[in-house]
Amino acid sequence: MKKWSSLLVSLSLLGGLLAGTGVPGKVSAAAPEIGRNLVDDRGFESGTTAGWTGQGATLTAIQWYPRLGGAWSMRVTNRTNTWAGPVYNLLGKMNAGQKHRFSVWVMQDSGNATETFSLIVRATVNGVQSWTTLNSRSLAKDNYGRLSGEYTLPSENVTELVFYIQCSNPTVNYYVDNAYVSAVTNTQTFSKIKVSGNKLVDSANQPQLFKGVNALPPNEAYNDYWDPYYYRKMASWGANVVRIPIQHDDWFLADEQKRWDLLEQAIQWAADYGMRSIIDWHEIGSIATGYSDNNDPPTSQADFNAFWTKAATLYNNDPRVLMYEIFNEPLTATATQNDWITQRNWANNAVSLIRGIDANTPIGVAGLNYASDLRYAGQYPVSGTGLVYITHPYSFIAEANYDMLFGYLAASYPLFATELGYDTSEVYKESRFVGSSRYREANMALIKKYNMHWTAWHFGVYGPALLTDFNNNGTSTYTPTEAGSFYRDKILQVEGTDFGTSPAYSTGTEFGKAHDDSVVTYFDYAQANGGYTGIDAGQSYRIAKIKFYPRPGFTGRMAGGKFQGSNTSSSSGYVDLATVSSASEGWNEITVSNTGSYRYLRYLSPNGSYSNVAEVDYIKYVP
């Protein structure tokens, strides 16, 4: 343990309650982007306490110990009143009427085994001062814990707006780190998702489709990209689910209070921007057999049970949590039937443990061989209710093997590809794939064929990465890689019920082939003129762009074709969104300037074309 050192300037203001200062009004001159932190230098990495004032307390920037993330934290000392502590001024920074999430981490080291801390907003609105306690909880000594809550500025006539921390013990000294205040976009309460047959359904028994990304593990709180804006950017890709990996070898390095608070912070940030979470015990190997391929011993059964007992207790029936994924990638020396039976028996116990606490939250069970092989699960299924089978269909799995390895289960269970992706590395390169087209398109076509849910790997630094410039100094622009652009568009792709003209020229060329994610199949109408193919999205969407893939060898047949939208019906009320001037082999893309939103989307082909098109993707607009 390193000794903490008071390396920089100490600020002491030993007065009474201090009013916030700033210009009254509803917003700052330049309101920050949604998700951006309103607290400057949230982790004191400048080595100062700039922006904070001491309300009857002394504030000092401290390096190395005991920080939550980065290299610095703030020490709060010389308190003599319960209200004494650090104050941060938000006047002019918050939008009136918009919900904001407040979060700050605190650790006390001079009081009792536990002490009660509170996070409070003080505001003067229309000349009346008020105090709102956002969160009050007992925190263990020598362990960081999180205070968090929501606040909506009630009026535009605001002359004071601050938040501060107080402790019920007036003499306790403590540390503060990683303070966040950010506007949130999701004000809805999620419906609880459950398994019904081979589908994931909401509380009204309506089938839901989940598409998203994999996030950083909670231990990445030590880096500057651990903030609400990280989750906001995932949501800007259209994700409605985020997979949160719990790195088994890092999880137990942090103290109990801190690690669970970090997980809760991730889940809440995801929910703030409209995404449910998958809790994934991220480990490769087999606890059942003790096997590991990298000399990293598996988690002990006791620790594994302790994790899922606590997780199921904390998130029992919590609608923010979509699924418990009990083990990332089971791996044994071989992948025989007996190996699966051994793994299945172990999984039965894990499912039973969770179901003894949480009866409803779906539970994900992965196959052998890095979550790729579920061939024996049909004959020897895992016992329990609400099960989802997990697969990681990377490029090493040949297209011809999808059905045998896991696709056949789609008739009876929901299937979820919690990892997929590609890059140019030897492990994840597309050239490894054996199939009818490139890995990316063939994989997506098979995902759709089996009605699978999916989360692409990885929204950050781990290959195959979705971002090009992700770093830990807070300057990331979140620029997608080539694969990132592909999966972002696939997440934003409008899904719906196919409609179009019939009959097809031949069996296997029906109108739905234009929306099956396969660039090998295509729509071929029996008549040369008047053909169209479209989707009923079930609700209206604004379309940002349209991607289309002509029937190979017949690109000229799309010239003059029109993409249209309607809110009347699948056969009338259409307006033009874009017209194809010319088309080339492979993917083509048209930006849509029409800002209207439409439920029915179709491609109306030009005369003489037989409505030939291999694939049409309508990409949603996200503000």
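Which residue's side chain meets that of Lys 562 in a salt bridge? The partner is Asp 576, with an N to O distance of 3.4 Å.

## About the model

This is a predicted model, in which local features need pLDDT of at least 70 and side-chain atom pairs count only at pLDDT 80 or more, while totals for chains, interfaces and linings use all residues. Residues are numbered from 1 along each chain as its sequence is written, and side-chain values use heavy atoms, with hydrogens and water left out.

## The pair between S26 and S27

A salt bridge here is a side-chain nitrogen of Lys or Arg within 4 Å of a carboxyl oxygen of Asp or Glu. Lys 562 belongs to strand S26 (residues 562-566) and Asp 576 to strand S27 (residues 575-579), so their contact ties together parts that are 14 residues apart in sequence. Helices (H or I, at least four residues) and strands (E, at least two) are DSSP runs, numbered from the N terminus.

Are these two side chains buried or exposed, or something in between? Lys 562 is partly exposed at 31% relative accessibility, and Asp 576 is partly exposed too, at 37%. For these labels, buried means under 20% relative accessible area, exposed over 50%, and partly exposed in between (1.4 Å probe, protein chains only).

Also in this part of the chain, Gly 553 sits in the loop between strand S25 (532-549) and S26. Gly 553 is exposed, with 57% relative accessibility. Its C-alpha atom is 9.5 Å from that of Ser 584, a residue 31 positions away along the chain.

## Buried salt bridges and a network

How many salt bridges does the structure hold? The count is 31. One of them joins the side chains of Glu 160 and Arg 122, at 2.8 Å from N to O. This pair links distant parts of the chain, with Glu 160 in strand S10 (residues 158-167) and Arg 122 in strand S7 (residues 114-125), 38 residues apart. Both ends are buried: Glu 160 has 3% relative accessibility, and Arg 122 has a relative accessible area of 1%.

Another salt bridge connects Glu 430 with Arg 440, where the closest N and O atoms are 2.5 Å apart. Glu 430 lies in the loop between strand S22 (415-417) and helix H8 (439-449), and Arg 440 lies in helix H8, so the pair ties together parts 10 residues apart in sequence. Glu 430 is buried at 18%, as is Arg 440 at 7%. Elsewhere, a network of salt bridges links Lys 211, Lys 448, Lys 490, Glu 495, Asp 517 and Asp 617.

## The annotated span and its strands

An unreviewed UniProt entry places the feature "domain: CBM-cenC" at residues 37-169; UniProt positions are given in the numbering used here, feature names are shortened, and annotations may be inferred rather than shown by experiment. This span is 0% helix and 56% strand, and its end C-alpha atoms lie 30 Å apart.

Five strands form an open antiparallel sheet in the order S2-S5-S10-S7-S8, where two strands pair if DSSP finds at least two bridges between them. Strand S2 (52-55) and strand S8 (128-140) are the edges, each with a single partner strand, so one side of each is left without a neighbour in the sheet. S2 pairs with strand S5 (residues 85-89) in the antiparallel sense over four bridges. Within these strands, Gly 54 stands opposite Pro 86 in S5.
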